[in-house]
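Trainee: I'm new to this one and would like a close look at a single part of it. Could you take me through the salt bridges, once I've got my bearings?

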Protein chains: 2
Amino acid sequence: MAQATRAAQAQRSCDPAFPATVSVLLGYQGAAFAGFARQPGQLTVQGQVEQALSVMLRRPVEVVCAGRTDAGVHARGQVVSFDVTQDECERLLSRAAVRSLNALTHDRIAVQRVDRRPAGFSARFDAVEREYRYHVHEGAVPSLFASQVSWHVAGSLDVDAMQEAARCFVGEHDFKSFCKAASAEGKPTCRFVREVSLHRCEVLGEPLLQVRVVGNAFLHSMVRTMVGSLVAVGRGQRAPEWIAEALKAADRRAAGECAPAQGLVFWEVRYA
Amino acid sequence: MAQATRAAQAQRSCDPAFPATVSVLLGYQGAAFAGFARQPGQLTVQGQVEQALSVMLRRPVEVVCAGRTDAGVHARGQVVSFDVTQDECERLLSRAAVRSLNALTHDRIAVQRVDRRPAGFSARFDAVEREYRYHVHEGAVPSLFASQVSWHVAGSLDVDAMQEAARCFVGEHDFKSFCKAASAEGKPTCRFVREVSLHRCEVLGEPLLQVRVVGNAFLHSMVRTMVGSLVAVGRGQRAPEWIAEALKAADRRAAGECAPAQGLVFWEVRYA
């Protein structure tokens with residue numbers, strides 16, 4: 001946390017030409033994009049949002065996001081921030097601006113609102129908590145109405161065992177085993193997870209198992225690897241205590257598979 | 001009701017070669033099909049199910065359904081029935097048969113189960129109650145995760161007024177005003193509606209307004225015209241009492257628009 005705060009200070013805006021800061025709350029359907037992060041020649045959420053803002057403000061705009069989601073991962077509460085002039089700030093805070101942003105972006109992006117933030121606010125570094133929700137559809141037959149937002153697991157899962165396993169994740173841990181190996185090299189891999197809980201929900205009468213994961217920040221593929229490992233426990237392939245052992249190993253090979261992207265929703269970001 | 005029962009008697013199976021009757025419970029995503037009813041050269045749910053059954057039983061099979069849904073309308077609890085030999089009946093009641101039916105039909109059809117029924121059972125004529133649920137998404141921005149299963153209505157609706165209007169539908173009424181004009185000509189248009197209720201639900205955090213309609217049987221486009229009229233009340237374009245007047249008029253032009261197909265789900269059928 002201390003490290004993130006220091007980094008935040010270093011990255012605070014200091015360009016006097018853009019003294020105000022705004023954030024945009026948006027959702028998107030992951031399947032339509034090659035992930036959040038801008039990539040040349042690819043349809044990305046960041047590319048779409050920056051292009052729309054550049055058209056509206058008639059200048060190049062670069063945004064900072066709360067969480068860089070992978071290709072196929074959905075968002076309900078992604079937040080991006082960027083610095084603006086006083087005049088731009090006022091224009092962006094109108095209802096018409098939200099309509100324009102929706103009109104100028106891909107129809108699988110839904111811009112919900114624009115907010116004024118304290119000068120120098122960063123959607124990334126000022127986030128104190130992030131929540132992801134993952135959806136699993138258990139059953140012999142794939143889901144009809146939730147197949148694009150869930151992982152179909154044939155048969156039924158032992159949710160009590162998963163619940164017990166989930167408790168092992170809570171607290172401050174080194175999550176190196178639960179992170180894409182290549183992206184962990186030489187970087188800090190400790191994170192604080194406040195909650196991992198399982199809930200039953202439904203989409204048009206089709207039951208889903210929802211895994212809620214709340215923490216300060218997440219490593220690459222961390223939530224999906226946590227869910228993949230919990231499902232291994234739910235299937236009876238592993239005992240609940242295996243999660244604690246996998247954490248201790250600090251080795252990607254010690255954990256379970258990475259659950260498919262389409263089951264994951266970046267749900268919400270909380271700021272101080 | 002009496003009329004339906006008489007028709008049912010007349011249609012009961014009397015072919016001694018097929019002394020047993022089975023029903024299949026299935027769901028489907030309406031967008032994939034040109035409606036339920038078989039049509040030459042078109043992808044239909046009935047066509048798919050009959051073809052799969054014909055492959056499995058190595059003979060032509062024709063089914064009777066509980067409700068012929070239009071193109072784009074979804075189903076969660078459609079029921080079809082057909083007569084079989086004792087041997088066929090036993091084969092169809094296995095778990096493997098459900099798997100085969102799913103493998104042989106389009107992937108937007110989900111066969112849930114096969115049940116043995118009393119000889120001569122009809123999914124259509126023995127149904128005592130049918131339930132439909134319609135989903136409306138209110139808001140400035142279209143839904144991301146429920147757009148294929150809801151009607152997007154810009155702005156917010158007066159749900160209290162809709163609730164009041166909904167009460168006018170309950171009871172035995174002539175629904176001629178709430179039925180596709182061409183299909184009402186010369187046919188009985190009285191139906192019994194037991195319940196029309198409004199509920200709040202959500203799909204992955206996106207709020208939906210759900211209209212539940214329960215009745216003995218429904219005319220062509222009846223639920224969608226009821227919902228289109230309720231939305232006119234919710235938008236403040238009409239007063240709640242207008243529904244009662246529209247019913248009395250017995251004229252399609254007296255009611256509101258037909259709500260789009262993708263918001264409607266054929267939810268459940270109840271048998272005595």
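Trainee: To start with, how many helices and strands does the secondary structure of chain A come to?

Mentor: Keep in mind that this is a predicted model. Chain A comes to eight helices and 10 strands. Its radius of gyration is 20 Å, close to the 19 Å that the globule rule gives for 272 residues, so chain A is as compact as a globular protein of that length. Along the principal axes, the C-alpha atoms of chain A fill a box of roughly 60 × 40 × 35 Å, and 54% of the 272 residues count as buried.

Now for the part you asked about. Side chains of opposite charge can pair when their charged atoms come close. Over all chains, the structure holds 30 salt bridges.

Let's begin with B:D70 and B:R224, whose closest N and O atoms are 3.4 Å apart. B:D70 sits in the loop between β2 and β3 (74-84) of chain B, while B:R224 belongs to helix α7, so this pair ties together parts that are 154 residues apart in sequence. As for cover, B:D70 is partly exposed at 25% relative accessibility, whereas B:R224 counts as buried at 13%.

Most residues other than glycine have a negative phi. B:S221 counts as buried because its relative accessibility is 13%, and buried means under 20%.

Another salt bridge joins the side chains of B:D115 and B:R113, at 2.6 Å from N to O. Here B:R113 is partly exposed, with 43% relative accessibility.

Then there's B:E129 with B:R270, where the closest N and O atoms are 3.1 Å apart. This one runs from strand β5 (residues 127-138) to strand β10 (residues 264-271) of chain B, so it ties together parts 141 residues apart in sequence. B:E129 is buried at 14% relative accessible area, and B:R270 is partly exposed at 25%. Over in chain A, salt bridges that share partners make one network out of A:E129, A:E131, A:R133, A:R194, A:E268 and A:R270.

For charges of another kind of grouping, go to the surface of chain A: A:D158, A:D160, A:E164, A:E241 and A:E245 gather there in a patch of negative charge. One of them, A:E164, lies in helix α5 (residues 159-167) and is partly exposed at 40% relative accessibility.

Notes
Residues numbered from 1 in each chain as written. Chains lettered and ligands numbered in written order. Predicted model: local features only at pLDDT ≥ 70, side-chain atom pairs only at ≥ 80, totals over all residues. Heavy atoms only, no water. Patch = residues over 30% accessible without salt bridge, like charges linked within 9 Å, V, L, I, M, F, W, Y side chains within 5 Å. Areas by Shrake-Rupley, 256 points an atom, 1.4 Å probe, with all protein chains shown as cover. Salt bridge = Lys/Arg side-chain N within 4 Å of Asp/Glu carboxyl O. Lys, Arg positive; Asp, Glu negative; His and termini not counted. Charge placed at Lys NZ, Arg CZ, Asp CG, Glu CD. Helix = DSSP H or I, 4+ residues; strand = E, 2+ residues; numbered from the N terminus. Buried < 20%, exposed > 50% of the residue type's maximum accessible area, 1.4 Å probe, protein only. Rg over C-alpha atoms; globule rule 2.2 N^0.38 Å.
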